[in-house]
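Please keep the model in view while reading the numbered points.

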Amino acid sequence: MMKTTTRYWKDQGIVLKSINFGELDRIITLFTRKKGKIQVVAKGARKVGNRFGPALDCPAISNFMFYEGRGMPILSQAEIVECYREIGKKTNQWVFANYLLFIVDRCYEQEEPDERIFEAILFYLDLSMKCDNYSVLGLKFRIDLIRFLGFLPRIRFCAVCGKRFKKIPPGWSAASGGMVCEKCSSLKDDIHYLPPEMMTLLAKVMTFSCASCLSIQLQENQFAYLDRIISEYLTFHVGKKITEWKIFLERFQEAS
Ligand SMILES: [Zn+2]
């Protein structure tokens with residue numbers, strides 16, 4: 001008879017999303033500290049009074065125990081650490097929390113561990129309970145992700161020729177990886193020409209800390225510009241559509 005091995009392991013994770021599976025089960029997508037994004041089966045999770053309780057709600061953080069059989073890992077235990085009950089009380093805050101989870105799900109493939117992103121989710125969820133400037137928080141979260149993923153744009157040097165800028169250049173190219181000098185801009189066909197004040201703002205949100213960014217007075221049209229540029233940049237480098245915060249929020253408002 002063939003011997004099968006079953007392996008148990010523990011990890012802390014946050015629920016990114018959950019879909020119904022079969023009659024009583026759910027497939028849960030988690031972002032865990034040790035393994036990054038994983039999908040597991042939560043057997044019986046749709047039964048009333050099931051053993052997992054609110055540990056499988058978004059954006060709950062729990063200590064999980066899994067076991068590995070032949071197919072997808074099976075969730076055997078979930079002990080809730082933080083359920084962010086307060087977040088569910090304010091609509092935009094709840095949408096913002098879901099936006100963070102949506103972006104992480106889009107940007108990461110399975111089993112690409114990155115504890116910095118796990119900590120960043122916790123940081124922004126905590127911050128969203130003290131500060132309701134979700135537009136700026138959403139920008140900074142995407143910029144942090146760009147940094148973790150290793151394709152931070154060049155803003156002091158030309159992304160094409162590497163020459164240091166003496167003044168802010170007009171050209172921006174997601175494909176080239178950042179700001180582009182005048183000479184190189186004339187040779188490329190994918191250059192966005194941004195007004196100088198937008199280039200300055202873009203450089204600021206890229207380099208300033210989250211606290212400093214929150215003190216910048218952004219007009220609505222300026223935010224819309226940055227929201228689009230950052231999402232387009234992520235979309236290009238990740239290869240999947242990364243929705244802008246404004247559109248994500250509007251879609252939710254239209255649906256509700
Ligand atoms: Zn150049």
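1. In strand E7, the bridge partner of Trp 172 is Met 179. Helices (H or I, at least four residues) and strands (E, at least two) are DSSP runs, numbered from the N terminus. E6 and E7 pair in the antiparallel sense over three bridges; two strands count as paired if DSSP finds at least two bridges between them.

2. The model is a predicted one: local features need pLDDT of at least 70, side-chain atom pairs count only at pLDDT 80 or more, and totals for chains, interfaces and linings use all residues. Residues are numbered from 1 along each chain as its sequence is written, and side-chain values use heavy atoms, with hydrogens and water left out.

3. Strands E6 and E7 belong to an open sheet of three strands, with the order E7-E6-E8 and antiparallel pairing. E7 and strand E8 (192–193) are the edge strands, each pairing on one side only. Helix H5 packs on this sheet and touches E6 and E7, where contact means heavy atoms within 4.5 Å. The direction of H5 makes about 50 degrees with that of E6; axes are lines fitted to C-alpha atoms, for helices over the stretch in contact, and angles run from 0 to 180 degrees between N-to-C directions.

4. What is the extent of helix H5 (residues 196–207)? H5 has 12 residues and reaches 17 Å from its first C-alpha to its last, close to the 16 Å expected at 1.5 Å a residue. The expected span is 1.5 Å times one less than the number of residues.

5. Which residues of H5 are buried? They are Met 198, Met 199, Leu 201, Leu 202, Ala 203, Val 205 and Met 206. Buried means under 20% relative accessible area, exposed over 50%, and partly exposed in between (1.4 Å probe, protein chains only). The buried residues of H5 pack against several elements, including helix H3, strand E6 (171–173) and helix H7 (220–238).

6. Arg 147 lies in helix H3. Its relative accessibility is 43%, so Arg 147 counts as partly exposed. The C-alpha atoms of Arg 147 and Met 206 are separated by 9.7 Å, although these residues are 59 residues apart along the chain.

7. Two packed helices are described by the angle between their axes and the distance between the axes. The axes of helix H2 (residues 115–127) and helix H3 (residues 134–149) come within 11 Å and cross at roughly 170 degrees. H2 is therefore roughly antiparallel to H3, a term for angles over 145 degrees. Among the residues that meet are Ile 117, Ile 121 and Tyr 124 in H2, and Leu 137, Phe 141 and Leu 145 in H3. By class, the contact of H2 with H3 has nine nonpolar, no polar and three charged residues. Here Ala, Val, Leu, Ile, Met, Phe, Trp, Tyr, Cys and Pro count as nonpolar, Asp, Glu, Lys and Arg as charged, and the others, Gly among them, as polar.

8. Strand E1 (residues 7–21) pairs in the antiparallel sense with strand E4 (residues 61–68) over eight bridges. Gln 12 stands opposite Asn 63 in E4, and the partner of Lys 10 in E4 is Met 65. E1 also pairs with strand E2 (residues 25–32), again antiparallel and over eight bridges. Three residues separate E1 and E2 in a hairpin, and Gly 22 in the turn has a positive phi of about 60 degrees.

9. Seven bridges join E4 to strand E5 (residues 74–82), and these two strands run antiparallel. A hairpin connects E4 to E5 through five residues. Phe 66 stands opposite Leu 75 in E5.

Key:
Angles under 35 degrees count as roughly parallel, over 145 as roughly antiparallel, 65 to 115 as roughly perpendicular and the rest as oblique.
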